[in-house]
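Dear colleague,

My notes on it follow directly after.

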Amino acid sequence: MISPLLANIYLHEVLDEWFEHQIKPRLKGQAFLIRFADDFVIGCELECDAQKLMAVLPKRFSRYGLTLHPEKTVLVPFGKPTATWEHRNGTFDFLGFTHYWVKTRSGHGVIKRKTSKKKLNRAIKHIWLWCRQNRHLPFKEQYGILCAKLRGHIQYYGIRGNIEALQKVVYRAGRAWQFWLDRRSHKKAMPWERFESLQPFYPFPKPRIVHPI
């Protein structure tokens with residue numbers, strides 16, 4: 001837990017104060033910085049301002065013995081799409097979510113978020129490995145732990161527009177659990193038909209929207 005705390009203290013001076021008092025006054029357009037621990041996004045109204053920031057950020061960080069992640073540090077056009085939607089802007093990942101533009105029924109553009117592909121695959125893989133490594137635990141104990149894991153996932157990723165990703169995680173959790181329960185032993189096998197018959201008595205948490213914003 002100390003790492004995020006230290007990141008907040010250190011980057012407050014290295015990035016937050018520097019951006020607010022030295023960078024923003026020198027930009028031609030509007031700009032903003034959103035940071036959580038050592039992850040951050042900078043939005044610029046003008047591309048020329050973004051290009052300048054991309055040039056000075058590595059120098060600023062190296063001055064304090066820090067480096068920018070080469071794969072995560074990218075310049076992405078993310079302005080509102082044109083009225084005809086012929087030009088679509090890129091997407092970006094931040095804090096486990098992919099941010100992208102969609103067209104509403106009225107024809108307006110809004111920003112939506114969904115679980116990033118990397119985080120989605122990681123969650124599914126984590127549950128698969130846990131079920132394999134803990135398949136010999138008592139059935140009810142496995143059920144309780146898996147429900148806790150899924151509730152935690154839903155609490156974080158349960159935002160509007162992300163229900164399909166939540167459903168996928170819950171479904172794949174059920175498939176993984178049944179797969180490894182069926183491989184415990186011949187006496188304790190769990191074929192799919194038996195597993196389905198137990199689901200009404202041991203239901204997984206339902207995917208739901210926790211954060212409507």
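D16 and R35 are both buried (under 20% relative accessible area, with over 50% called exposed and values in between partly exposed, for a 1.4 Å probe and protein chains only). Their side chains meet in a salt bridge at 2.7 Å, N to O, the term being used for a side-chain nitrogen of Lys or Arg within 4 Å of a carboxyl oxygen of Asp or Glu. Because D16 belongs to helix α1 (residues 2-23) and R35 to strand β1 (residues 31-36), the pair ties together parts that are 19 residues apart in sequence; helices (H or I, at least four residues) and strands (E, at least two) are DSSP runs, numbered from the N terminus.

Please bear in mind that this is a predicted model, in which local features need pLDDT of at least 70 and side-chain atom pairs count only at pLDDT 80 or more, while totals for chains, interfaces and linings use all residues. Residues are numbered from 1 along each chain as its sequence is written, and side-chain values use heavy atoms, without hydrogens and water.

The structure holds 3 salt bridges, and among them E20 pairs with K24, the closest N and O atoms being 3.6 Å apart; E20 is partly exposed at 41% relative accessible area, as is K24 at 31%.

Turning to the strands, 5 of the 7 residues of β4 (residues 97-103) are buried, so this strand is largely enclosed by the rest of the structure. Strand β5 (residues 109-115) runs antiparallel to β4 and is joined to it by 7 bridges, where pairing requires at least two DSSP bridges between two strands.

Best regards
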